[in-house]
Amino acid sequence: MKKAFVFDFDDTLATTEACIQVYRIEEDWTVRELSPAEFNDYELRSGEAFDFSQFRCPDLIENGEPTDLICLAKEVYEENHEVYILTARSNDVSEAIAKFLKIHGIKAKQIICLGDKDKSEHIARGKRRALLTIMESYDKIYYYDDCPKNIELAPKGKNIKSIKFRG
């Protein structure tokens, strides 16, 4: 049976010091900083926008702390199952994610970064489409993510199991 394991990065495989800044558009000053978990549920207020610049810093990724799930990722990689990373980060940090994984003995088949896409598109829908594409090549998919929205919108079926990770 051909299996693939798909992992979200932030707060699923790793925690970093990166925060999402919420700022007032007209005043151009930061209102607050959000962790990735807080971002999952935050609704922008009128006149606010997100600043993801800290998520484009390779050093913050490479120096991130692995979660307990990194052990599973390493184990399935060593069993010759395919490991995918499916993240809301942008493509400009995919090499830093690959380096983080290498430090922990894992080489991903693919690092899929959705953060460069049109911001009007919901990340959960983008992750769903990516999972549907991955499903075409495998008998069984295991998908791990910390965000309830991503798990909720993940494809359903007997060949995919979606697991909400609580770090």
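Some housekeeping comes before the details. This is a predicted model, where local features need pLDDT of at least 70, side-chain atom pairs count only at pLDDT 80 or more, and totals for chains, interfaces and linings use all residues. Residues are numbered from 1 along each chain as its sequence is written, and side-chain values use heavy atoms, with hydrogens and water left out.

Let me start with helix H3. Helices here are DSSP runs of H or I with at least four residues, strands are runs of E with at least two, and both are numbered from the N terminus. In H3, the buried residues include Leu69, Ile70, Ala73 and Val76; buried means under 20% relative accessible area, exposed means over 50%, and partly exposed is in between, with a 1.4 Å probe and protein chains only. Those buried residues fall within an arc of 130° seen down the axis, so they line one face of H3. The arc is taken from the directions that run from the helix axis to the C-beta atoms. Turned away from the buried side of H3 is a face with the exposed residues Cys71 and Glu78. The buried residues of H3 pack against E1, E6, E7, H4 and E9, where contact means heavy atoms within 4.5 Å. Just after H3 comes Asn80, with a positive phi of about 70°.

Now for helix H4, residues 94-103. Which residues of H4 are buried? They are Ala96, Ile97, Phe100 and Leu101. These cover an arc of only 140° around the axis, which puts them on the same side of H4. Glu95, Lys102 and Ile103 are exposed on the other side of H4. Among the elements that cover the buried residues of H4 are helix H2 (58-62), helix H3 (69-78), E7 and E8.

Helix H5 is next, at residues 123-135. At 1.5 Å a residue, its 13 residues should span 18 Å, and the end C-alpha atoms are 18 Å apart, which agrees. The expected span is 1.5 Å times one less than the number of residues in the helix. Buried in H5 are Ala124, Gly126, Lys127, Ala130, Leu131, Ile134 and Met135. The cover over them includes strand E1 (3-7), strand E9 (140-145) and helix H6 (148-153).

Lys127 counts as buried at 2% relative accessibility. Leaving aside neighbours within four places in sequence, Lys127 is in contact with Asp8, Leu86, Thr87, Ala88, Leu114, Tyr143, Asp145 and Asn150.

On to the cores. A nonpolar core is a set of buried Ala, Val, Leu, Ile, Met, Phe, Trp, Tyr and Cys residues joined through side-chain atoms within 4.5 Å. The largest one has 22 residues, and Phe7, Phe9, Leu13, Ile85 and Leu101 have the most contacts inside it. E1, H3, E7, H4 and E9 each give two or more residues to this core. Not counting residues up to four places away in sequence, Phe7 touches a set that includes Leu13, Leu69, Leu72, Ala73, Ile85 and Tyr144. There is also a second, separate core of 16 residues, which includes Ala4, Ile112, Ala130 and Ile134.

Strand E3 (residues 20-24) and strand E4 (residues 29-34) pair in the antiparallel sense over five bridges; pairing needs DSSP to find at least two bridges between the strands. Ile20 stands opposite Leu34 in E4. There are four residues between the two strands, and Asp28 takes a positive phi near 55° in this hairpin.

Last, the cysteines. How many disulfides are there? The count is zero, taking a disulfide as a pair of cysteine sulfur atoms within 2.5 Å. For Cys19, the closest cysteine sulfur is in Cys57, 12 Å away, too far for a bond. Cys147 is in no disulfide either, with the nearest cysteine sulfur, that of Cys113, 17 Å away. Both cysteines are buried: Cys19 has a relative accessible area of 19%, and Cys147 has 5%.
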